[in-house]
Amino acid sequence: MDHDLKHDFPIFFHWDSKGKPLIYLDSAATTQKPRQVIQAIDDYYSKYNANVHRGAYELSQVATDLYEDSRAAAARFINAPEPESIVFTRNATESLNLIAYAWGLNNLREGDEVILSEMEHHSNLVPWHIVARHTGAVLKFIKMGGDFQLDLGSLRKILSAKTKVVSVVHVSNVLGTINPVKEITRLAHEAGALAIIDGAQSVPHMPVDVRDIGCDFFAFSGHKMCGPTGIGVLYGRLELLDRMEPFLGGGEMINEVFPTTSNYAKPPYKFEAGTPNIAGAIGLKAAIEYLENIGLQNVMEHEIELGNYAAERLSAVEGIRIFRPKKTGTGVISFTVDNVHPHDISTILDSEGVAIRAGHHCAQPLMRTLQVQSTARASFYLYNDKQDVEVLAKALEKGVAIFKPRKKADVFK
Ligand code: C6P
């Protein structure tokens with residue numbers, strides 16, 4: 001990165017982590033927000049606040065234009081063919097639920113098969129559990145092979161004429177593995193199934209082109225890419241969105257309403273019932289422009305470099321186990337340390353000003369595959385640097401030394 005991007009993020013100058021600078025290594029959970037995004041939200045509420053798609057007055061039209069500009073920016077960002085294929089949701093979770101409910105409940109039948117992977121976040125598991133219970137569809141799983149990579153051989157084995165959906169995570173939030181989603185999409189289509197990609201951990205960190213991937217649906221969250229919380233995106237192929245039933249009913253999503261029946265607006269409005277998160281969408285546009293200005297290729301290279309450096313630096317810590325692909329590691333590094341609970345690691349690091357996440361990361365099936373209850377996880381973003389990795393490594397070494405089992409003789413010395 002050209003300059004210290006931390007200067008764009010006010011939190012690094014406001015949060016006092018016990019007199020120490022904030023070393024924020026939990027960007028996979030949510031990223032910090034640059035002042036450009038905070039300013040865009042402030043501007044909207046201070047200068048342009050009105051409801052959208054409703055008023056004939058100028059202020060409402062300006063608010064509507066800003067909201068629709070954000071949709072166009074989101075389409076451009078992932079190279080979607082048209083803004084109408086972008087549905088604003090609350091987050092990736094809601095985007096994935098929208099597909100499961102609006103498409104899955106209406107199209108899956110008993111015995112149909114939905115293929116997921118062993119790496120999925122609960123957001124791409126639980127909605128399918130619910131849909132399977134209602135429809136009688138059967139869930140199958142792509143296995144994880146060596147070097148924390150999905151085993152495409154296991155996908156080929158379970159694909160069949162019964163497969164109706166293949167839904168996989170683009171980048172694992174635990175391992176940082178980049179999955180070959182273009183190839184997975186091709187295989188899904190060959191079997192006549194839909195391909196759905198959970199891009200919550202890819203879109204913020206690397207260039208993404210949904211047309212190149214060829215997928216049918218793609219989901220992500222604004223808050224993981226410098227944008228505000230409460231705004232997410234679902235990209236869907238327009239002809240699919242057109243044929244789908246709505247997810248929620250109410251204002252904004254209708255064409256005509258009679259006492260006992262109604263018909264619906266065209267997509268994307270059919271899926272945006274009620275007053276949307278206007279400020280959130282405007283903040284997301286500012287985040288997109290911020291990232292485009294830096295360049296997603298630069299963001300990706302920077303994070304891979306930090307991830308590789310962290311993997312090398314942390315591998316020297318006694319008793320550490322690192323869960324990160326050697327070949328295609330990114331800026332996510334999960335680890336455990338013998339005899340130290342991941343929550344204790346997080347607490348110790350916090351006392352040194354280092355914020356990491358510990359737990360199952362909403363990926364309990366993956367934890368079982370890895371045969372651990374939980375891991376500690378550091379995740380890097382564009383504002384992190386090698387100095388942050390250094391502080392992490394030193395704090396971890398210090399913490400691990402406290403927990404090192406001592407011999408009886410040493411204890412009673
Ligand atoms: N993962 C993490 O710390 P939401 O909460 O809807 O914005 O994103 C859900 C989600 C979906 N898919 C993947 C791969 C994710 O990583 C997440 C969110 C956070 O890893 C919170 S559990």
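**Domain interface and ligand site**

The model is a predicted one, in which local features need pLDDT of at least 70 and side-chain atom pairs count only at pLDDT 80 or more, whereas totals for chains, interfaces and linings use all residues. Residues are numbered from 1 along each chain as its sequence is written, and side-chain values use heavy atoms, with hydrogens and water left out.

The domain assignment, whose bounds come from an automatic or database source, divides the protein chain into domain 1 (3-30 + 295-411) and domain 2 (37-292). The C-alpha centres of the two domains lie 29 Å apart, and 37 residues of domain 1 are in contact (heavy atoms within 4.5 Å) with 33 residues of domain 2. Together the domains bury about 2,800 Å², of which 59% is on carbon and sulfur atoms; buried area is the accessible area (1.4 Å probe) that two parts lose on being put together, summed over both. On the domain 1 side, the most area is lost to domain 2 by Leu 296, Leu 366 and Tyr 381, which together make up 22% of what that side buries. Polar contacts (pairs of N or O atoms within 3.5 Å; within protein, one must be able to donate a hydrogen and the other to accept it, and residues adjacent in sequence count only if both atoms are side-chain atoms) link 20 residue pairs between domain 1 and domain 2, both residues being at pLDDT 80 or more.

Both domains give residues to the shell around the ligand, so the ligand lies between them. The shell residues comprise six nonpolar, eight polar and four charged, where Ala, Val, Leu, Ile, Met, Phe, Trp, Tyr, Cys and Pro count as nonpolar, Asp, Glu, Lys and Arg as charged, and the others, Gly among them, as polar.
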